[in-house]
Amino acid sequence: MGKPKFAFYWCASCGGCEETVLDLNEKILEVVDKVDIVFWPVALDFKRKDIEVMKEGEIDVAFINGAIRTSEQEEMAKLLREKAKLVVAFGACAQLGGIPGLANFWVRSDIFDRIYKKVPTVANPEGVVPQQVVEMDGYKLTLPEFYDTVKTLDQTIPVDYYLPGCPPPPDLIMNAIETILKGELPEKGTVLAPDKALCDTCPRNETKPEKLSIKDIKRPHEVIIDPEKCFLAQGIICLGPVTRSGCGERCINANMPCRGCMGPTSEVRDQGAKAVSFIASILGVEDEEKLSEEEVQKLIDKIVDPAGTFYRFSLPASLLRRRRK
Amino acid sequence: MEGFEPKIVAFCCKWCSYAAADLAGTSRLKIKPNFVVIRTMCSSRVDPEFILQAFLNGADGVLVAGCHPGDCHYVNGNYKTLRRVMLLKKVLEQLGIDPRRLRLEWIAASESRKFVVTIRKFVDELKQLGPLRLEAGDDNGSNG
Ligand code: SF4
Ligand code: SF4
Ligand code: FES
């Protein structure tokens with residue numbers, strides 16, 4: 001039997017997921033030793049047709065990062081699904097929609113308008129926007145369709161496992177690869193990361209008061225952040241309570257609150273709704289009997305862009321998936 | 001909107017608002033039939049997820065009803081409810097759902113009439129707003 005065949009592919013993503021594979025550093029050599037990489041457009045010169053000629057299930061594992069935003073990404077995801085025994089949604093965008101998923105607050109026409117016409121650095125006097133088909137000198141040029149709605153990978157094809165994070169941390173990737181190579185696979189649908197909330201592993205947890213109460217909301221740029229103290233205790237929104245651990249507390253250690261890229265734990269269906277729930281329950285709780293409704297409203301209005309904050313990485317995966325038109 | 005009858009999901013806490021709804025029934029008060037009641041122990045048990053799920057399952061409006069401030073059977077649950085509903089309204093607005101589709105009312109066990117009026121007003125308001133029709137939003141259709 002030959003070495004297991006791996007494929008890597010990217011859809012609507014920033015490239016960070018590709019980089020994190022390289023962050024395996026010398027360990028990547030071990031991986032390359034044990035597997036055959038049959039497809040990895042960012043690094044190797046294989047083409048779509050090389051995949052098309054493969055038999056069903058010929059690829060052992062396809063790691064697909066990025067959300068699904070164009071028809072081409074959808075086609076590629078479907079093609080890889082056909083050829084791969086296992087599909088791993090790699091990274092927050094594939095799992096939850098991620099940052100590209102924030103586009104679901106708009107529709108395509110708004111986005112094209114902004115990007116191709118209104119951005120101050122764009123000079124486009126004729127107002128040209130990309131078309132799917134253009135005829136020129138008798139030739140027909142085509143582009144993939146740009147969808148109105150960004151989807152997660154599992155809203156497009158069945159997904160076997162998820163590697164969360166923006167990007168997934170190298171140790172979790174290595175773990176996942178080793179688990180796959182050993183054939184010790186968990187139940188389908190498992191997120192290959194710890195299933196505890198980030199607060200559980202956060203070094204600042206000890207400074208989180210027993211009874212949290214936020215008197216006033218502060219944004220990170222408005223205050224000097226105490227590098228030891230729980231962000232919530234400082235009035236800064238931190239999504240640690242509704243976010244899965246396993247990232248190595250990357251942001252916390254850089255003195256920034258968690259934005260929730262690891263997604264929710266397995267018990268939560270909608271990360272943003274849970275964030276609404278916990279933030280609201282600790283906001284102004286100290287004087288809750290005394291506050292008038294107007295005062296409560298004022299406090300709540302201090303959360304700028306609540307939907308964008310609570311669904312920073314998970315809008316397409318949320319119950320509502322997008323803004324309604 | 002001719003002939004449109006809105007559907008309301010009414011989350012009512014067991015100790016006050018559910019009792020009020022019950023009393024409205026046993027007192028044979030006339031009430032609009034546009035709602036289904038889901039009883040929770042306290043209004044603060046109503047997770048924002050439940051509300052979103054109700055909209056997704058076809059509700060045109062969601063009512064959260066609990067004991068008056070200071071009267072919650074669990075002392076302070078309803079203060080949390082107030083803040084959750086307020087915050088969720090903002091999120092709904094950003095997601096293109098009219099925040100008036102989510103309504104919070106304090107209805108004591110004796111206030112059966114208030115329950116009836118609340119439902120009537122809510123039905124009228126939802127008739128103005130029209131059907132919600134959430135299903136259409138998650139396709140990839142190129143209607144941009
Ligand atoms: S809220 Fe944030 S800073 Fe506080 S313990 Fe949780 S993860 Fe750490
Ligand atoms: S702290 Fe939060 S946002 Fe930062 S890497 Fe970890 S899970 Fe992601
Ligand atoms: S028991 Fe009625 S609101 Fe808490």
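Predicted model: local features only at pLDDT ≥ 70, side-chain atom pairs only at ≥ 80, totals over all residues.
Residues are numbered from 1 along each chain as its sequence is written, chains are lettered from A and ligands numbered from 1 in the order in which they are written, and side-chain values use heavy atoms, with hydrogens and water left out.

**Around ligand 2**

Let us begin with the ligand. A residue counts as near a molecule if one of its heavy atoms lies within 4 Å of it. By that rule, the shell of ligand 2 is made up of A:Leu198, A:Thr243, A:Cys247, A:Arg250, A:Cys251, A:Cys258, A:Arg259, A:Gly260, A:Cys261 and A:Met262. Sorted by type, the shell holds six nonpolar, two polar and two charged residues. Here Ala, Val, Leu, Ile, Met, Phe, Trp, Tyr, Cys and Pro are nonpolar, Asp, Glu, Lys and Arg are charged, and the others, Gly among them, are polar.

One of the shell residues is A:Cys247. A:Cys247 has a relative accessible area of 13% and is therefore buried (buried means under 20% relative accessible area, exposed over 50%, and partly exposed in between, with a 1.4 Å probe and protein chains only). A:Cys238 is buried as well, at 8%. How many disulfides are there over all chains? A disulfide is a covalent bond between the sulfur atoms of two cysteines, and the rule used here asks for a pair of cysteine sulfur atoms within 2.5 Å. The count over all chains comes to zero.

**Two helix pairs**

Helices (H or I, at least four residues) and strands (E, at least two) are DSSP runs, numbered from the N terminus. Axes are lines fitted to C-alpha atoms, for helices over the stretch in contact, and angles run from 0 to 180 degrees between N-to-C directions.

In chain A, the axes of helix H2 (residues 27-34) and helix H7 (residues 170-182) come within 12 Å and cross at roughly 20°. H2(A) and H7(A) are therefore roughly parallel (angles under 35 degrees are roughly parallel, over 145 roughly antiparallel, 65 to 115 roughly perpendicular, and the rest oblique). The crossing of H2(A) with H7(A) is left-handed, a label given if the near helix is turned anticlockwise from the far one by less than a right angle, with right-handed for clockwise. Helix H2 of chain A includes A:Val31, which is buried at 6% relative accessible area.

**Backbone features**

Most residues other than glycine have a negative phi, and most peptide bonds are trans. Which peptide bond is cis, with omega near -5°? The bond in question runs from A:Cys166 to A:Pro167, and A:Pro167 sits in the loop between strand S9 (161-163) and H7 of chain A.

A:Glu249 is not a glycine, yet has a positive phi of about 50°. Its place is the loop between helix H8 (198-201) and helix H9 (250-253) of chain A, and A:Glu249 is buried, at 13% relative accessible area. A:Asp305, also not a glycine, has a positive phi of about 55°. A:Asp305 lies in the loop between H11 and helix H12 (306-310) of chain A and is partly exposed at 38%.

**Distances along chain A**

The table sets sequence separation beside C-alpha separation for a few pairs.

| Pair | Apart along the chain | C-alpha separation |
|---|---|---|
| A:Val31 and A:Leu181 | 150 residues | 9.7 Å |
| A:Arg69 and A:Ala280 | 211 residues | 33 Å |
| A:Glu75 and A:Ile224 | 149 residues | 48 Å |
| A:Glu295 and A:Leu44 | 251 residues | 59 Å |

A:Arg69 lies in strand S4 (residues 68-70) of chain A and is buried at 9% relative accessibility. A:Glu75 belongs to helix H4 (residues 71-83) of chain A and is partly exposed, at 39%. A:Glu295 is part of helix H11 (residues 293-301) of chain A, where A:Glu295 is partly exposed at 42% relative accessibility.
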